[in-house]
Amino acid sequence: MAAVALTGGVQAVGVWQLAVVAFAEGCLFVLFDLAEGAALPHLVDATQLPAAIAYNQARTQGADLVGQPLGGALFTLSPAAPFLVDAVTYLVSGGAVAAIRSRLQADRAPSTVRMRTQIAEGLRFVLASAFLRDSVLVVAGMNLVFNGLFLALVVRAQDLGASPAQIGLMLGVYGAGALLGALAAPWLHRRLPGRLILVSIAWAWAVLLAVQSVMPTPLWLGVVAGLIALPGPAFNVVFAAYVYRVTPDELMARVRSVIKLVAWGAIPVGSLLGGVLAEQLGAGPALLVFAAGMLPVAVATTLSPGIREISAAEPAPAAD
């Protein structure tokens, strides 16, 4: 990031440099994300884990909500400014991680097993677990729908006459809904059975996506988008908390890598599908297609034997 800021400051930055930096940052993000997730159970007590997951979600949503307009504002000052600020914040983040004194993994002997064998072990563990196998496919289906829907939603707002500022406001409402949902997720997780949360949210999304597809104004598109974003963090908290429960510490990063490979692999497919459908059918019909696509996902969430495991394993919800 500092290199981009430096070359951008002297007007020497090129597309290839940006591509290399983006690729490197993406690779490093995956490694950091897997290590961060595997370390979390060593930083908080098991009873605090769902709340920690939810607060991490709130942190991410809040950063997205503030970071994108901040990046735009910095870019108007200087094209190099966002990259320079990014470089500084990465240094601050690195210092914060270095200051952690807790052990971030359990004691274990150094492994002499080849990486390919270790990767296969993580894959076999996911395939052998009914919960992991079923839920990762459900999440992949949801990611496909939502990422296709997001692009079609922006095109639909433009078709309805929304200005760039109104589209930005609509996306801001979506981010604010996700932020509020992240703050409420620990409360819901303590009081409702996990499977009930997952199934209810899946069907709520199926209904809300159908409603959104017929909204007549950008304002109502934004309102429904906020409602759609609201329960997302609660779904993620239940899912992630149970992944931590069923996965041994030494396999955590590998299991999460398999989950993310499948779940995140659906994201570009959904974006591509959203663009194709919006171009071929129009944004309104594309939204209807994605709303219909959420129905089999909701049915799968309801009937999944693996997701039923959550109710059988979790303690009774808290009363307070």
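Mentor: Before we start, contact here means heavy atoms within 4.5 Å. The model is a predicted one.

Trainee: Where is Leu132 placed?

Mentor: Leu132 sits in helix α6.

Trainee: Is Leu132 buried or exposed?

Mentor: Leu132 counts as buried, because its relative accessibility is 0% and buried means under 20%.

Trainee: Change of topic. How many cavities of 30 Å³ or more does the structure hold?

Mentor: The structure holds 1 cavity of 30 Å³ or more. The volume of the largest cavity is about 40 Å³.

Trainee: Which residues line the largest cavity?

Mentor: The lining of the largest cavity is made of Phe146, Leu149, Phe150, Leu153, Tyr174, Gln212, Ala225 and Ile228. By class, that lining has 7 nonpolar residues, 1 polar residue and no charged ones.

Trainee: Which helix gives the largest share of that lining?

Mentor: Helix α6 does, with 4 residues. Both α6 (130-159) and α9 (218-229) supply at least two residues each.

Trainee: Tell me about α9, then. How many residues has α9, and what does it reach from its first C-alpha to its last?

Mentor: Helix α9 has 12 residues and reaches 16 Å from first C-alpha to last, close to the 16 Å expected at 1.5 Å a residue.

Trainee: Which residues of α9 are buried?

Mentor: In α9 the buried residues are Pro218, Leu221, Gly222, Val224, Ala225, Gly226, Ile228 and Ala229.

Trainee: What do they pack against?

Mentor: The buried residues of α9 pack against α6, α7 (164-191), α8 (194-212) and α10 (232-246).

Trainee: Pick one. What is Gly226 in contact with, leaving aside its neighbours within four places in sequence?

Mentor: With those neighbours left aside, Gly226 is in contact with Val173, Tyr174 and Gly177. Gly226 has 9% relative accessibility, so it counts as buried. The C-alpha atoms of Gly226 and Met170 are separated by 8.2 Å, and the two residues are 56 apart along the chain.

Trainee: On to charges. How many salt bridges does a search of the whole structure find?

Mentor: The search finds 5 salt bridges.

Trainee: Which residue does Arg59 meet in a salt bridge?

Mentor: The side chain of Arg59 meets that of Glu36, at 3.2 Å from N to O. The pair links distant parts of the chain, with Arg59 in helix α3 (residues 49-77) and Glu36 in helix α2, 23 residues apart. Arg59 is partly exposed at 45% relative accessibility, and Glu36 is partly exposed at 28%.

Trainee: And what about Arg254 and its salt bridge?

Mentor: Arg254 meets Glu121 through their side chains, at 2.9 Å from N to O. Here too distant parts of the chain are linked, since Arg254 is in helix α11 and Glu121 is in helix α5 (residues 115-128), 133 residues apart. Arg254 counts as buried at 17% relative accessibility, while Glu121 is partly exposed at 35%.

Trainee: Which salt bridge does Asp134 form?

Mentor: Asp134 forms one with Arg133, and their closest N and O atoms are 4.0 Å apart. Asp134 is buried, with a relative accessible area of 18%, whereas Arg133 is partly exposed at 33%.

Trainee: Which residues are linked in a network of salt bridges?

Mentor: Asp33, Arg256 and Lys260 are linked that way. Asp33 lies in helix α2 (residues 15-39) and is buried, with a relative accessible area of 12%. Leaving aside neighbours within four places in sequence, Asp33 is in contact with Arg256, Lys260 and also Trp264.

Trainee: Last one. What should α11 span, and how far apart are its end C-alpha atoms?

Mentor: Helix α11 (residues 252-280) has 29 residues, so at 1.5 Å a residue it should span 42 Å, and its end C-alpha atoms are 42 Å apart, which agrees. Gly282 follows α11, and its phi is positive, near 100 degrees.

Technical notes: Residues numbered from 1 in each chain as written. Predicted model: local features only at pLDDT ≥ 70, side-chain atom pairs only at ≥ 80, totals over all residues. Heavy atoms only, no water. Buried < 20%, exposed > 50% of the residue type's maximum accessible area, 1.4 Å probe, protein only. 1 Å grid on protein atoms, 1.4 Å probe; cavity = no way out; pocket = protein on both sides within 12 Å on 5 of 7 lines; lining within 4 Å. Points joined across faces, edges and corners; volume = space filled by probe spheres on them. Nonpolar A, V, L, I, M, F, W, Y, C, P; charged D, E, K, R; others polar. Expected span 1.5 Å × (residues − 1).
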